[in-house]
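Me: I am new to this structure and would like to go through some of its packing and pairing step by step. Please show it first.

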Amino acid sequence: MAIVVNMPRLSDTMEEGTVAKWLKSVGDKVEEGDILAEIETDKATMEFESFNEGTLLYIGIEEGEAAPVDTLLAIIGEEGEDISSLISGGNAVASEVKSSESEDAIEVTSDDSEGGAEIPEGVEVIKMPRLSDTMEEGTVASWLKKVGDDVEEGEILAEIETDKATMEFESFYSGKLLYVGLQEGESSPVDQVLAIIGPEGTDVNAVLSSVTGGGKKKSTTTPKDAEKKSESSTEKKEVSKSVSDGERIFASPLAKKIAEDKGIDLAKVSGSGDNGRITKKDIENYTPSATAAPAVSTVVKAESGVASQPVSMVLPSGEEGTEEVKNSNMRKAIAKALGNSKFNAPHFYLTIEVDMDNAKESRAQINSLPDTKVSFNDMVLKACAMALRKHPQVNTSWNGDTTKYHQHIHMGVAVAVDEGLVVPVVKHADLLGLMQIGSAVKDLAGKARNKKISPSEMEGSTFTVSNLGMFGILEFTSIINQPNSAILSVGAIVEKPVVKNGEIVVGSTMKLTLACDHRTVDGAVGAQFLQTLRYFVENPVTMLA
C-alpha cells in the first residue's frame, strides 16, 4: 500500500519548507533510513530520511520550490501501484498555493521549460547559506578561492558576514570553481546564487539559466549594470588592499582579531596557510622589526626687541570631515529588532533600590570556598529566575490573539561584542545553582566574544538581564528583547549614607529598573515582581535553599 510523505515540521517555528535537493528520483528504490531529500527550514538545511521502504512513485515538490508543512511531498509504494487518488487528494493544498503565484512566476517556469537545460550531473549550485536563525542576507567579506581554482570538500570557500558574526563557509563539494555570483563586499539575500562548482568546461550560462530567482537575474545583467558593478566592486576591493604591496590580505577572522588587539599590521605578516593565508599561529609567532621614528622638535624664541609690539594670536584651523561606514549585518539586525520592539511594544519602567550589604557578605563567604567564584550578576540572574517562578505573568510572550505562558525559565544575558550586542541564553536557570549559572554565563560570553557561539545558544529566552554596573552606570532603561515581556537593567553598587534602625550609616545599594511590555504585564504585576526580586537579592541565603 502506498505511503504519503508530507512536508515535515523540522523545527518548532517552521511553517514551510523548501526542497533544496532531491537525493532520490522517481522510480528509485528507497530503504528505511535512506536520505530522501535536503529540506531547507527557517533555521537550517537538514537531511530528511525515509521511514518507509518501497519505490519512489511521485514527487510533489520540485527542487527550489517551497510549500507549507504537511503539504504532499512524495509518495512511496510498490512499483506500478495506482496513486492517482492520493495525488488528487494530497495536492489540494499545493494547488491552492500554486494558483496564488503571480504571472511572473509562471513566465519564469515556462521559460525554463522551453529553453532552460537541466543542471548537468556533477555541477553544484551553491546558494547564500543561512548561517544564523535571524540571517536574512549575507555579505561576502572575502573569497579564499578564485574562479578556476580546484576546490576540495571541506576547504574554506569564503568568509561570510552575517547579522551576528563573520564566519568561514566551507565547501561540501569537490570540483572546479566555475562562477562567483557575488564580489567581495557585495550582499545578497539568503538562497541567492553564491557560486557554481563542477567539472571544467561546464557551460555556466546554461546552468544559470536553469536556476530560477537569483541565478536568472545574474545572467540577465546588462553590460552597463555589469560595468557599474565591476567599478563598485573594484572600489570596495581597493579599500581592503594592503598599502605595502597592493595585494589583498587573506587572514582568518581569529587572526584578524588577534592582530587588531596586538596592533600588528597584517601587511607585514607572512602567511603559512593556503594561498599565503595568515593564521593564528602566524600572528603569535610574528616579531616586528625595530623602526625608529624621527623626533621633531621646534623651538620658538622670542626676540627682546619686539617685546613692546602686540602679539598676533594664531587661531587653530581645523578641517571638517565626515566618514560613512557601511553598517554590518549585525548592526542592521540590532536596529531592526530593537526598533520593532520599541515601536510596537508599549514600554513602561519601574525602578527600585535594593540593600546590597547582605549580598556582599554572602558573596564573600561563598567565594572564600576553594574553587568557587560567584559574581553579583550571577546572584541577580538566580533571583530573577526564582521571582519569575512566583510571577508567571512576567514570563510570557504577546502573540496577538493569545498570550504564551512559558513553563520553562530561560534567562537571556546581554553581552557586548566588538560588532554590537548578542544575547546568549542560560536554559532552565531556575533549576541551576549560583556556581552553575556563573559557569554557564562565563562560557557563553566567551564564545560570543570569540565568535564561536552557535545560533541555538542564542535562542529561546523568556526574560533578559542587562548589566552596566561594571561601567559605573548607576541606573538606565533597556529596550525589551522581543518576544520577552520584560527586561531588567542592573546598575552599579554604590556606598552611600542610608538610614538603618533610625541611624544614618554607610550602606551599599544598587538600582534595578524593570522595563515591561504593557500588553502582557500591568504596573501592579511588575511592582509585585520587583518586591519578590528585592527579597531574594537582599536575602541571598533564600536562593541557596
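Me: Which residues in helix 11 meet helix 13?
Reply: This is a predicted model, in which local features need pLDDT of at least 70, side-chain atom pairs count only at pLDDT 80 or more, and totals for chains, interfaces and linings use all residues. Residues are numbered from 1 along each chain as its sequence is written, and side-chain values use heavy atoms, with hydrogens and water left out. Taking contact as heavy atoms within 4.5 Å, and helices as DSSP runs of H or I with at least four residues, numbered from the N terminus, the partners in helix 13 are Phe529, Thr532, Leu533, Phe536 and Val537. On the helix 11 side, the residues are Val380, Ala383, Cys384, Met386, Ala387, Leu388 and Lys390.

Me: At what angle do helix 11 and helix 13 pack?
Reply: Axes are lines fitted to C-alpha atoms, for helices over the stretch in contact, and angles run from 0 to 180 degrees between N-to-C directions. For helix 11 (residues 376-390) and helix 13 (residues 523-538), the axes lie 9 Å apart and the angle is about 135°.

Me: Which residue in strand 19 is the bridge partner of threonine 396?
Reply: Strands are DSSP runs of E with at least two residues, and two of them pair if DSSP finds at least two bridges between them. Strand 18 (residues 396-399) and strand 19 (residues 402-405) are joined by four bridges in the antiparallel sense. Within strand 19, the partner of threonine 396 is tyrosine 405.

Me: Which residue takes a positive phi in the hairpin of strand 18 and strand 19?
Reply: This hairpin has two residues between the strands. The residue with a positive phi, near 75°, is glycine 400.

Me: In what order do the four strands of the open sheet lie?
Reply: The pairing in this sheet is antiparallel, and strand 14 (residues 175-180) is joined to strand 16 (residues 193-198) by four bridges. Strand 9 (124-127) and strand 11 (150-151) each have a single partner strand, so one side of each is left without a neighbour in the sheet. The order is 9-16-14-11.
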